[in-house]
Amino acid sequence: WTVALTEWHLVGPMLSALIICLSLRLRLSRPRIREFLQDWLGISLSVGCIHQCLIEGGRAVEPLEDELIADIQQSDLLHADETGWKEQGRTVWLWVLCSATATLYLIGRRSWEVIAHVIEQFGGWLMSDGYGQYRHYGQRLRCLAHLIRKARGLAESCDPAAAEFG
């Protein structure tokens, strides 16, 4: 971590919680959060200050990670997915593991080792897309939305046999 928790903040805990909610629950970008705070609350914060609140919020809840992992490992059904983005000029992957009561985000390479410490202690069903790394887990279900999208792609194919199959 490149940030330390301190008592000297421009933003208090309630406003930080709102900023985190706007970012994670409503998926607003930092500039959109800035716009919302200005328009609705008359609060003027820089994008950098908003970013710092999100970083510090993540730092503050880091001790809860073990509880989230335990909750996920005890669930009957776990949804998993990953998506890539650039961070400091290199591609990293955001892994999302979601049960009925908890969501865990992990950042790392696109390999089984990133999620293995969670999944290998999980005893329920894993719902995922067709990414090959998920095949390491025996009780796996394929996501219906991904299968439908593949079938539609085949149905729109120029190859008559593939289109018929789709």
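Strand β1 (residues 77-87) and strand β2 (residues 90-98) run antiparallel in this predicted model, and nine bridges hold the pairing between them. Within this pair, alanine 80 faces leucine 97 of β2 across the strands. The hairpin that links β1 to β2 has two residues between the strands, and glutamine 88 there adopts a positive phi near 55°.

On leaving β2, the chain passes through a second hairpin, with four residues, to reach β3. Strand β3 (residues 103-108) is also antiparallel to β2, with six bridges in the pairing. Here tryptophan 95 sits opposite leucine 106 in β3.

Another tryptophan, residue 125, belongs to strand β4 (residues 125-128). Its relative accessible area is 41%, so tryptophan 125 counts as partly exposed. Together with Leu77 and Leu141, Trp125 makes up a nonpolar surface patch of about 240 Å² accessible area.

The cysteines remain to be considered. How many disulfides does the model contain? The count is zero, where a disulfide would require two cysteine sulfur atoms within 2.5 Å. Cysteine 98 is partly exposed, at 25% relative accessibility. Cysteine 158, by contrast, is exposed, because its relative accessible area is 83% and the class begins over 50%.

Methods:
Residues are numbered from 1 along each chain as its sequence is written. This is a predicted model: local features need pLDDT of at least 70, side-chain atom pairs count only at pLDDT 80 or more; totals for chains, interfaces and linings use all residues. Side-chain values use heavy atoms; hydrogens and water are left out. Buried means under 20% relative accessible area, exposed over 50%, partly exposed in between (1.4 Å probe, protein chains only). Patches are made of residues with over 30% relative accessible area and no salt bridge: like charges are joined within 9 Å, nonpolar side chains (Val, Leu, Ile, Met, Phe, Trp, Tyr) within 5 Å. Accessible areas come from the Shrake-Rupley method with a 1.4 Å probe; for residues, only the protein chains shown count as cover. A salt bridge is a side-chain nitrogen of Lys or Arg within 4 Å of a carboxyl oxygen of Asp or Glu. Two strands pair if DSSP finds at least two bridges between them.
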